Amino acid sequence: MNAFRQPRASSWRRAATILLAAGWVRPSPAAPSLPPEGFRLLLLQRSGNLGFLPGAHVFPGGVQNTADCSADWLRLFAPHHQPPLFGLGPARSRPASFPGLPDGAADQDAAALPDDVAARICAIRETFEEVGVLLLRPRAALPAAPELGRALAPPPGLDAWRDRVRRDPSHFLSLCAHLDCTPDIWALHDWGGWLTPFSHRGKRRFNTAFFLCCLSEPPEVYPDLTEVVSCQWSSPSEATESFISKEIWFAPPQFYEIRRLGNFASLSDLHKFCLDGASEGMERWLPITFLTADATLQLLPGDELYLEDSEFLENVMSSEKKTEEIMKEGKIFHRLVLHSHHVYNLHVTIHSKYKQVYPKTYVISKSRL
């Protein structure tokens with residue numbers, strides 16, 4: 001087994017994304033008058049002209065801006081929501097960072113917002129910029145975490161406001177003040193985090209917080225037609241089938257999260273899990289890339305081949321063996337096997353240390369290859 005070293009360290013950019021799940025009912029052929037409860041996820045197709053993940057289907061979100069953690073937000077949240085907690089409850093415990101991974105919190109302005117608040121504002125702002133959905137609540141309203149969220153109706157002049165915010169993210173605070181609302185940070189639940197694995201020199205790398213937001217009904221979406229060219233609401237199974245049939249494409253983290261959400265049969269189950277199950281801690285993962293003779297593996301924490309070593313911030317692992325042989329040699333798996341652009345196999349035999357849910361093992365049948 002060999003490792004390839006690249007001498008130049010990556011620069012990490014903070015980002016945030018929302019897995020937006022909305023209630024959805026579809027009549028059952030057996031009992032059309034009693035439709036089963038379900039949910040759909042909002043998927044956005046990125047423009048093919050973008051430098052990062054062109055043409056991919058992703059969740060709403062983007063790169064954090066300094067305006068997202070500005071101390072100016074304190075005046076808008078006051079007097080009902082004050083630091084340090086802002087009504088979010090105690091900060092979630094987080095596993096130790098991967099050795100050598102920059103934290104980025106040390107140089108944070110003492111007057112700025114906490115990381116978990118700024119990341120939520122970033123995700124909410126980006127969702128507005130990309131699809132015009134406003135996850136806001138009136139300033140006077142107290143957090144009501146047990147309730148399902150609901151998007152605010154789009155204001156007059158939506159396109160003009162989006163243009164202003166896109167040119168200067170600080171205008172998102174101006175929009176919230178104009179509407180006498182705050183970003184609904186309480187509707188966003190900690191879901192985890194992903195860091196871009198090393199694959200080759202010069203690749204953009206992000207430290208992305210993942211949040212989940214459950215809405216009682218799907219809001220109207222208005223793709224900006226610049227960064228986002230189309231949108232769709234899909235269940236986890238529908239999204240998986242569309243990926244396998246090459247109608248859409250996901251990067252590995254999105255595929256993993258979609259399979260993870262497939263554990264939940266209803267929106268109420270998913271929302272209850274967010275309220276009850278995610279209080280113990282959240283997991284932030286840096287995959288390690290492992291090249292075999294015929295595929296690419298992405299190893300995740302807990303996998304028997306995963307090494308928490310700072311060497312792998314700028315390295316990939318490799319072997320001359322074929323993937324089938326590597327798989328036969330092991331038993332403790334938490335890995336994605338990337339056979340091709342639309343063939344991902346997921347192997348999970350571990351259990352979370354926290355009150356989290358991992359996806360089930362998912363292997364595409366050979367007849368689909």
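**Close-up views of a predicted model**

**View 1. Asp 180 counts as partly exposed, at 42% relative accessibility (buried means under 20% relative accessible area, exposed over 50% and partly exposed in between, with a 1.4 Å probe and protein chains only).** The model is predicted, so that local features need pLDDT of at least 70 and side-chain atom pairs pLDDT 80 or more, while totals for chains, interfaces and linings use all residues. Residues are numbered from 1 along each chain as its sequence is written, and side-chain values use heavy atoms, without hydrogens and water. Asp 180 sits in the loop that runs between α4 (171-178) and β7 (181-183), where helices (H or I, at least four residues) and strands (E, at least two) are DSSP runs numbered from the N terminus. Although Asp 180 is not a glycine, its phi is positive, at about 55 degrees. Most residues other than glycine have a negative phi, and most peptide bonds are trans.

**View 2. The loop between α1 (73-77) and α2 contains Pro 79, and Pro 84 is placed in this loop as well.** The peptide bond leading from Ala 78 to Pro 79 is cis, with omega near 0 degrees, and a further cis peptide bond, with omega of about 10 degrees, joins Pro 83 and Pro 84. Phe 86 also belongs to the loop between α1 and α2, and this residue, which is not a glycine, has a positive phi of about 55 degrees. Phe 86 counts as buried because its relative accessible area is 1%.

**View 3. Arg 46 is found in strand β3, which spans residues 37-46.** With a relative accessible area of 13%, Arg 46 is buried. Leaving aside residues up to four places away in sequence, Arg 46 touches Phe 52, Leu 53, Gly 55, Ala 56, Val 58, Glu 227 and Val 229 (contact means heavy atoms within 4.5 Å). Arg 46 and Glu 130 are separated by 84 residues in sequence, while their C-alpha atoms are 9.8 Å apart in space.

**View 4. The largest pocket is lined by 45 residues, and those nearest its centre are Arg 46, Phe 52, Leu 53, Thr 196 and Phe 206.** Elements that contribute two or more residues to this lining are β2 (12-25), β5 (61-63), α2 (115-131), β8 (189-195), β9 (205-215), α6 (252-261) and β13 (296-299). On a 1 Å grid over the protein atoms alone, a pocket is an open set of points with protein on both sides within 12 Å along at least five of seven lines, a cavity is a set where a 1.4 Å probe fits but cannot get out, and lining residues have an atom within 4 Å of a point.

**View 5. Trp 191, Gly 192, Gly 193, Trp 194, Glu 257, Arg 260, Glu 283, Trp 285 and Gln 356 line the largest cavity.** Two or more of the lining residues come from each of β8 and α6, and the largest share of the lining, four residues, is supplied by β8.

**View 6. Helix α6 is mostly covered, since ten of its ten residues are buried.** Among the buried residues of α6 are Pro 252, Pro 253, Phe 255 and Tyr 256, together with the charged side chains of Glu 257, Arg 259 and Arg 260. In helix α5 (residues 236-244), the buried residues are Pro 236, Ala 239, Thr 240, Ser 242, Phe 243 and Ile 244. Just after α5, Lys 246 adopts a positive phi of about 70 degrees.
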